Structures are given as structure tokens and as C-alpha cells.
Amino acid sequence: MSEGDAFQIPLGIDPVAAFNLAISPDYRTILDSLPAAIYTTDADGTLTYFNRAAAEIAGREPRLGIDKWCVSWKLYRPDGTPLPIDACPMAIAIREQRPVRGADIIIERPDGQRVPALPFPTPIHDAAGRFAGAINLLVDISRLKSTERQVERHAAEQAALYRFTDRLYRAESDQDIYEAALDAIIGGLGCDRASVLLFDADGVMRFVASRGLSSAYCVAVDGHSPWTPADRDPSPIFVPDIMASDESAALKRTVRSEGLTALGFIPLTANGVVIGKFMTYHDAAHQFPDAERDLAITIARQLGFALERRRTERTLRESNERLRLATEAGKVGLWDWDIPGDSIMW
């Protein structure tokens with residue numbers, strides 16, 4: 001039977017009885033054993049049969065002769081908006097007496113878990129062409145959707161890294177570097193807020209840029225750091241839930257008063273030595289998967305390199321300026337020594 005064909009039952013036999021007869025007992029055993037969810041309804045959309053996979057995907061025991069259109073408890077569209085049961089693909093197939101294809105749905109189980117599924121409702125007609133009901137196949141596409149999200153996230157991460165690298169190359173000021181970093185952190189890591197902090201001349205960790213944080217919060221935690229300027233090659237610190245951490249009660253109150261729950265401390269290094277950190281903040285608890293941690297370290301390495309390059313360029317400019325001023329003041333003599341000719345030119 002092709003995708004668009006209708007399932008047919010013999011002429012003159014009650015549709016429900018005919019279907020149950022057709023799948024009993026061998027075919028019923030086969031259908032009940034299939035991992036794919038299958039169920040049927042009569043011409044009014046009332047449930048007449050379901051296999052165990054259908055009950056499992058629905059997370060409930062459907063009621064034969066009572067439930068209509070679908071085995072599910074609640075349905076949603078792919079965008080998350082509620083989908084009335086009487087507007088589901090199976091209901092459309094019954095009302096319009098045609099197969100419905102390509103309409104993704106999200107099944108919500110009674111325990112609140114949601115399962116993305118692809119339905120294949122197909123009308124049932126008898127040999128005389130009279131409409132008798134419909135059969136539906138529900139395909140769980142959770143793994144497919146998970147893979148799609150991973151691919152999309154990886155592409156977004158690579159794009160964020162590309163933009164970050166390009167902006168660092170074009171940066172003409174420290175502020176350009178900070179803004180590029182904040183965009184990469186929030187865009188690539190998907191956090192709600194972010195900040196960049198550097199050690200000052202006295203070895204105190206200070207905010208140099210932030211996104212989404214109040215000035216009161218920045219003042220309250222200014223100087224807080226798990227590392228010192230002498231630390232080498234430190235590891236990032238991730239706090240999924242500040243209230244479940246070992247931090248002080250005072251810091252917990254400060255963090256929660258800002259509406260934050262999860263924190264990420266990612267060190268910035270230059271030549272292996274800590275020069276600062278960037279912070280990621282999540283309003284809700286967050287588990288920080290390995291891929292996110294790896295991306296955070298990559299961003300930190302690029303940011304640390306850019307800051308060190310900027311510091312080196314600034315030091316060189318300042319040195320050249322001091323040399324120029326000293327030369328113009330007549331306090332420094334310059335000469336060229338021609339070694340092969342053993343001569344000096346002032």
C-alpha cells in the first residue's frame with residue numbers, strides 16, 4: 001500500500017469488527033510487538049484499537065470507545081503552542097477523509113514530559129468506498145530532533161567563534177575586545193548575562209565590561225576571585241546552582257538578589273598565568289554540558305591572547321614614545337655601527 005492509499009475492509013461488515021478481525025490473532029500480535037505506535041478510530045474519531053507502543057508514547061492507557069482522535073493526553077505544535085485534540089492531524093484526516101503527512105506534533109504525557117512525533121493518519125474505507133475510520137502511525141522523532149539541535153548548536157558555535165576571531169583581529173581598542181567577547185560569550189554559550197574581569201596593578205580582580213548586570217551587583221562582588229595573579233594554568237569552575245554550592249551565605253544572598261542561579265568562572269591566561277576571568281550567568285539552574293565547557297575554554301584562550309597582544313602593543317607604543325621624547329630632549333644619543341667597515345655614523 002502506497003503512502004496515499006486508504007486502508008480497505010470488506011463490504012458489508014462493521015468497520016470496527018472487521019478491523020479487529022483482520023488483525024486477530026497473528027496480525028494483532030505483530031502490531032502489538034512493533035516498536036512503532038499504531039492506533040485506529042471509527043468514522044467518528046473514537047478510539048477502537050492501540051498497541052503497546054502507542055500507550056508508551058502517550059504515557060497513559062488510552063480508553064477504547066471513549067477517547068477521540070488521539071491516544072495522547074495533550075498536544076502541542078512544533079512552536080510550543082497548544083494544539084487542540086480535535087485539530088490534530090488524525091482529526092483532520094477523519095474530517096477531510098484524506099491522509100495527512102508532514103505535520104509534526106509534540107505529545108505531552110501526564111507526567112509533563114514532551115515527546116516530538118511525526119504522525120501518519122490514513123483513512124480506512126470499505127470495498128464500496130465508504131469511509132469507515134482511520135489508522136495512525138506515530139513515529140517518535142526525539143533522537144532526530146536532538147541530533148538536529150546538536151548540529152544547529154555546533155553551527156552556531158562555529159559561527160560565533162568565527163565572528164569573535166574576526167572582531168578580535170579588527171579590534172582597535174580594549175573596549176572593542178570586551179564587546180566582541182561579551183557577544184561571543186552570550187551568543188555562543190547561550191547564557192543570560194556575562195562579564196569580563198581583569199587583575200589590576202594591585203592584583204585585585206576588577207570588572208572591565210559586563211552585560212545584563214546591575215551596578216550594585218558589580219560593586220558587591222568586585223574583587224572576588226577564586227585565583228590569584230600567581231596561579232598558573234587554572235581550571236574553570238562551574239556552579240550549576242549557587243544555593244547548593246559551598247560559597248558563603250553572603251555571596252549566595254548577593255547572587256540570588258541579582259536573580260542569578262548558575263555561574264561559570266572561566267580563567268583568562270597569558271603565557272600560562274592568570275590575568276583575569278570571564279563569567280557566565282544563568283537565571284535558572286544550569287548543568288554546563290561538556291561541549292559548552294570546551295567552547296568556554298576556547299573563547300577564553302582567544303580572549304586571553306587578544307588581551308596579551310593588546311598589552312604588548314601598548315607597551316611597545318609607550319616605549320617608543322618615551323624614546324622619542326628622550327631623543328628630542330637631547331638626552332639620548334643614537335648611532336649606527338657599520339661592523340664590516342668598522343665605522344660609526346652619528
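Q: Is strand β8 (residues 131-140) mostly covered or mostly uncovered, and how many of its ten residues are buried?
A: Strands here are DSSP runs (E, at least two residues), numbered from the N terminus, as are helices (H or I, at least four). Buried means under 20% relative accessible area, against over 50% for exposed and in between for partly exposed (1.4 Å probe, protein chains only). By that cut-off β8 is mostly covered, and its buried residues number seven of ten.

The model is predicted: local features need pLDDT of at least 70, side-chain atom pairs count only at pLDDT 80 or more, and totals for chains, interfaces and linings use all residues. Residues are numbered from 1 along each chain as its sequence is written, and side-chain values use heavy atoms, with hydrogens and water left out.

Q: Which residue in β8 stands opposite threonine 41?
A: Two strands pair if DSSP finds at least two bridges between them. Strand β2 (residues 37-42) pairs with β8 in the antiparallel sense over six bridges. Opposite threonine 41 stands alanine 134.

Q: Which residue in the turn between β7 and β8 has a positive phi?
A: Strand β7 (residues 122-126) runs antiparallel to β8, joined by four bridges. The two form a hairpin with four residues between them, and the positive phi, about 90 degrees, belongs to glycine 129.

Q: Which side chain makes a polar contact of 3.2 Å with that of arginine 310?
A: Arginine 310 lies in helix α9 (residues 290-328) and is buried, with a relative accessible area of 16%. A polar contact is a pair of N or O atoms within 3.5 Å; within protein, one must be able to donate a hydrogen and the other to accept it, and residues adjacent in sequence count only if both atoms are side-chain atoms. The partner is aspartate 174.
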